[in-house]
Amino acid sequence: MKQMIVAGNWKMHTTASTAAELAGSIAHHAGVQGGMEKGVSVILCPPFLSMHTVCSVVASSHITVGAQDCHHEPQGAFTGDVSAAMVRDMGCTSVIVGHSERRRYHHETDELIAAKVLAARAADLVPIICVGETLEERQRGVQTDVIRRQLSTILEIAGVTSVQAAIIAYEPVWAIGTGLAATPEQAQEVHAMIDTLLREHGVEIPILYGGSVTAENAATLFACPDIHGALVGGASLKPGSFADIVAEAGNVMS
Ligand code: PGA
């Protein structure tokens, strides 16, 4: 039976009060509870400022909370930044690193992302490492080269032991927020390639798919042998849709 994980990336949405409401609706939703009873792990990644609230709302459930990013240094003169230890102290157990929006808008490189993986591990957080090709790279047919390069740099700098404790999220950039999800065949092909590459280093970890995952397409994506769940953006803001995705993940476990 494969392990299934569904993570919700709320991005820059919600205030503390609307985040509490959303987390509460998700935690109490029958679809989420049913999926979790079957063994699905559910992670909510709210904005930093809602983390404390969301951690208290889900404290009595098995839902865990993750950050959307962290700084690569443990502390220091970095105005406006948030360290992995601060995130851990709030009650988070994981952190997304290398999301394509961070790569694009904050010019994050594979080297910096590798440093963030190390920072996350030093604070005892599970890094959720995002990789994925742009539309232009897919059109040129170089997606596997791009992902191999992204992962190899991270493996080289952060080391096998750190990656062994991580989760990978394959998120084709062209599928994020566009409503144009990868087909199960496209996703499975890349997931299999990632799995093979990691196994060459003795690493066996969950590989999530991300990019326009909805209640409608989740089942066919989750049926793929190398897809171990989803990193969900837009649909994670709607309790009903997110719950349906968790329930679909539960269906492949039973
Ligand atoms: P989306 O976002 O589900 O809205 O496409 C996914 C992500 O960015 O993680």
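Start by selecting Ala-181, in the loop between strand 6 (167-170) and helix 10 (184-200). Helices (H or I, at least four residues) and strands (E, at least two) are DSSP runs, numbered from the N terminus. The model is predicted: local features need pLDDT of at least 70, side-chain atom pairs count only at pLDDT 80 or more, and totals for chains, interfaces and linings use all residues. Residues are numbered from 1 along each chain as its sequence is written, and side-chain values use heavy atoms, with hydrogens and water left out.

Buried means under 20% relative accessible area, exposed over 50%, and partly exposed in between (1.4 Å probe, protein chains only).

**The parallel strands**

Select strand 1 (residues 5-9) and strand 2. They pair in the parallel sense over 5 bridges. Two strands pair if DSSP finds at least two bridges between them. Find Asn-9: it stands opposite Cys-45 in strand 2. Strand 2 is mostly covered, with 4 of its 5 residues buried.

Look for Leu-44 opposite Val-65. Then show helix 3 (residues 51-57). Strand 2, helix 3 and strand 3 make a right-handed β-α-β unit. A crossover is right-handed if, with the strands pointing away from the viewer, the path from the first strand over the helix to the second runs clockwise.

Move on to strand 4 (residues 94-97), which runs parallel to strand 3 and is joined to it by 2 bridges. Ala-67 has Val-95 in strand 4 as its bridge partner. Follow the chain from strand 3 through helix 4 (residues 84-90) to strand 4: this β-α-β crossover is also right-handed.

**Helix 2**

Which residues of helix 2 (residues 30-37) are buried? Colour Gly-31, Val-32, Gly-35 and Met-36. They cover an arc of only 130° around the axis, so they sit on the same side of helix 2. The arc is that of the directions from the helix axis to the C-beta atoms. Turn to the face away from the buried side for the exposed residues Ala-30 and Glu-37.

**The pockets**

A pocket is an open set of points on a 1 Å grid over the protein atoms alone, where a 1.4 Å probe fits, with protein on both sides within 12 Å along at least five of seven lines; lining residues have an atom within 4 Å of a point.

Select Met-12, Gln-68, Asp-69, Arg-102 and His-106, the closest to the centre of the largest pocket among its 19 lining residues. The volume is about 540 Å³, meaning the space filled by probe spheres set on the points, which are joined across faces, edges and corners. Helix 5 (residues 100-105) gives the largest share of this lining, 3 residues.

Finish at Ser-212, Val-213, Gly-233, Gly-234 and Ala-235. Of 24 lining residues, these lie nearest the centre of the second largest pocket. Its volume is about 330 Å³.
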